[in-house]
2 protein chains.
Amino acid sequence: MPARPAIDVDLAGVILAVTNDQPRLLARAGEPPRLPSGRFDPVADSTLDRGARRWVRDQTGLEVGYVEQLYTFGDRDRGAAAQAAGGGRLLSVAYLALVREEQPAPGATWLPIYQLFPWEDHRLGRPAVIPEVIAPALLAWAAAAPDEAERVDRTERAQVAFGLGQAAWDEVRALERYELLYEAGLVAEYHADRGEPAGAGPASQPMALDHRRIAATAVQRLRGKLGYRPVVFELLPQAFTLLALQRVVEALAGVRLHKQNFRRTVERAGLVEGTGRYDTATGGRPAELFSFRHEVLRERPRSGVPLPGR
Amino acid sequence: MPARPAIDVDLAGVILAVTNDQPRLLARAGEPPRLPSGRFDPVADSTLDRGARRWVRDQTGLEVGYVEQLYTFGDRDRGAAAQAAGGGRLLSVAYLALVREEQPAPGATWLPIYQLFPWEDHRLGRPAVIPEVIAPALLAWAAAAPDEAERVDRTERAQVAFGLGQAAWDEVRALERYELLYEAGLVAEYHADRGEPAGAGPASQPMALDHRRIAATAVQRLRGKLGYRPVVFELLPQAFTLLALQRVVEALAGVRLHKQNFRRTVERAGLVEGTGRYDTATGGRPAELFSFRHEVLRERPRSGVPLPGR
DNA sequence: GTGGTTATACTCATGGTGAGTATAAGGAGA
DNA sequence: TCTCCTTATACTCACCATGAGTATAACCAC
């Protein structure tokens, strides 16, 4: 057998839940926190998906329902320190999992994703950190580009990603935003990867290695999917009020929605059906409990929850 | 160092071009044909993307522009024969690349994708193979399910995937369709993977290992992206007529579009701008040549070509 | 110049969407 | 019991995008 350079493959999981209107991901305690991950076992795991399920169970005690492969990360400089210490090149196959309820997990904590990405939560309006910190820093970074073409390109990317100037905010582009901030040296990981002291940037919780990038990938994928696949229901109990549904969508998308229109669209699309039961703990008029209407899958090829710009 | 079970990682590429209204992918000659692929070199390739570019250049002579990671395939039973012969577990990171023109490639041929997936081309109406072969075979497979729940599930999946009954055809679900046919034993690879003689199914060109599944993944991803990202232009020359643009979109999506409405939407969205030059070889009135209007990226977050159902 | 072909302009009905107003049905406290 | 506050739900209206089709323009071959 020819000598082969060593490649390690591990599986990393972004396990998401929404509690009290806050999306959270499961993180392993530590500073900085890291995603649950485990080495892929080519003997025990007959498929990557099953491998992902296995070590999520082992590490967090959670039995996940919805699982989806996100992306495979394999840049050489990711986790430079870890690789120098351990063995060869590290490839991480990242997974997104959605779980219904917050459950206790030994050695793991639920980390609100908007601590990782404070610029992503627009439910109370555009976060002040964008005009006050991010926009000026990105524009300075763009202005410092070596040549005119690069200057134009950086400026345009900043405008598109963060909705500056005439560009509109597109909640889906979460990964693009993180990568731009990384490239501009505005997140802690940029400096950590280079063994430098931390630079300036918007206050935000970093993660180990490139785990925050993986989390951003998950957010982007999930936000993109909300609009054309009924994935939200993986995060809700079997019966829920329309407002509860809306709050979960808003939490994930990071935007506020018009209540009456949300309701109208969800009902008219046949996404949900009334159960005849009511939730009386609303603080006002009782709200009917609805459940996901499975038949919608047959009726409409794209069945998602209404979001602006679609 | 602890003994590690061997994991091989290779990169497989779906390299797409559209010529004469036919989407084609680059395949390495042989029977069955295979995708261009190469072992990932953890020493030479600093990133997976660069690795993909490198061996595409090495194997096909093409310098690709647009490249996007698709998915990582790692099931144990994929390429069972190859793994038994060679080494350990094989992981393939698949890439999609779009190239502008058909160029000669030594040892490689352009393989029309609708030879791989005859059921995907609805430009001349729904292919006869669906009602005549696929639908009956899938329904028979569903009826043969071990229990009632599974029977219902299979029937529903078949209806949704192939637009049977009340369900509408959704051109994006190409991977779902291939996977369903595989599961039902209606593609040659199903039997090849089990060392059985080929069974019945729609006439179609198989590929080596799970390469046809990878190709289906590429089709699904590309069709999905058409509607919200200006990716088509990677496949067109710098200047093109609106009909040429429409034909490429139709070729990829596998559906026919209304000419006047396509034109209206593309122009009103600001996706293209007239060049003032004209193509006189249309066979009728000369058509203005248009080019992609780059500013659209700043103006609209989702800028894609119009497709039905969006 | 006639007919064939493709390009391009315009019309019209329909349905979805954003935004807002109005009404219903609970609870808490005077 | 009445009032007020809160949330749920129904309805209206203007606007725009879309599907479908008709009409006209501009080239070629004969």
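The legends below describe close-up views of a predicted model with chains A and B and DNA strands C and D.

Residues are numbered from 1 along each chain as its sequence is written, and chains are lettered from A in the order in which they are written. Because the model is predicted, local features need pLDDT of at least 70 and side-chain atom pairs count only at pLDDT 80 or more, while totals for chains, interfaces and linings use all residues.

**View 1. The fold of chain A.** Chain A has eleven helices and nine strands; helices (H or I, at least four residues) and strands (E, at least two) are DSSP runs, numbered from the N terminus. The radius of gyration of chain A, taken over C-alpha atoms, is 21 Å, close to the 19 Å that the globule rule gives for 310 residues, so chain A is as compact as a globular protein of that length. The globule rule is 2.2 Å times the number of residues to the power 0.38. Along the principal axes, the C-alpha atoms of chain A fill a box of roughly 65 × 55 × 35 Å. Of the 310 residues, 41% count as buried. A residue is buried if 20 or more other C-beta atoms lie within 10 Å of its own, exposed if 12 or fewer, and partly exposed in between, with C-beta atoms placed from the backbone.

**View 2. The contact between chains A and B.** Each chain is represented here: 33 residues come from chain B and 33 residues from chain A. Two residues are in contact if their C-beta atoms, placed from the backbone, lie within 7 Å. On the side of chain B that touches chain A, strand 1 (7–19), strand 4 (66–73), strand 5 (89–98), helix 5 (148–162) and helix 11 (296–299) of chain B give two or more residues. That side of chain B divides into 15 nonpolar, ten polar and eight charged residues. Ala, Val, Leu, Ile, Met, Phe, Trp, Tyr, Cys and Pro count as nonpolar, Asp, Glu, Lys and Arg as charged, and the others, Gly among them, as polar.

**View 3. The relation between the two copies.** Chain B is superposed on chain A by a rotation of 180° with 0.0 Å of shift along its axis (RMSD 0.0 Å). The two copies are thus related as by a two-fold rotation axis. The same surface serves both copies, since 100% of the contact residues of chain B recur in chain A. The superposition is made by least squares on the C-alpha atoms of residues with pLDDT of at least 70 in both copies.

**View 4. The surface near DNA strand D.** DNA strand D is surrounded by 22 residues, and the closest are A:Gly284, A:Arg285, A:Glu288, B:Gln260 and B:Arg285. A residue is near a strand if its C-beta atom, placed from the backbone, lies within 6 Å of it. At least two residues each are supplied by helix 9 (242–253), helix 10 (259–268) and strand 9 (287–292) of chain A, and by helix 10 (259–268) of chain B. By class, this surface near DNA strand D has six nonpolar, eleven polar and five charged residues.

**View 5. The surface near DNA strand C.** Around DNA strand C there are 21 residues, and the closest are A:Gln260, A:Arg285, B:Gly284, B:Arg285 and B:Glu288. The largest share of this surface, three residues, comes from helix 10 of chain A. The residues near DNA strand C divide into six nonpolar, eleven polar and four charged.

**View 6. Surroundings of B:Leu26.** B:Leu26 is in strand 2 (residues 22–28) of chain B. With 26 other C-beta atoms within 10 Å, B:Leu26 is buried. Leaving aside neighbours within four places in sequence, B:Leu26 is in contact with B:Ile15, B:Pro36, B:Thr60, B:Ala105, B:Ala108 and B:Trp110. The C-alpha atoms of B:Leu26 and B:Pro36, ten residues apart along the chain, are separated by 7.3 Å.

**View 7. Backbone details in the loops.** Most residues other than glycine have a negative phi, and most peptide bonds are trans. A:Asp21, in the loop between strand 1 (7–19) and strand 2 of chain A, has a positive phi of about 65° although it is not a glycine. With 11 other C-beta atoms within 10 Å, A:Asp21 is exposed. A cis peptide bond joins A:Glu31 and A:Pro32, with omega about -5°. A:Pro32 is in the loop between strand 2 (22–28) and strand 3 (37–39) of chain A.
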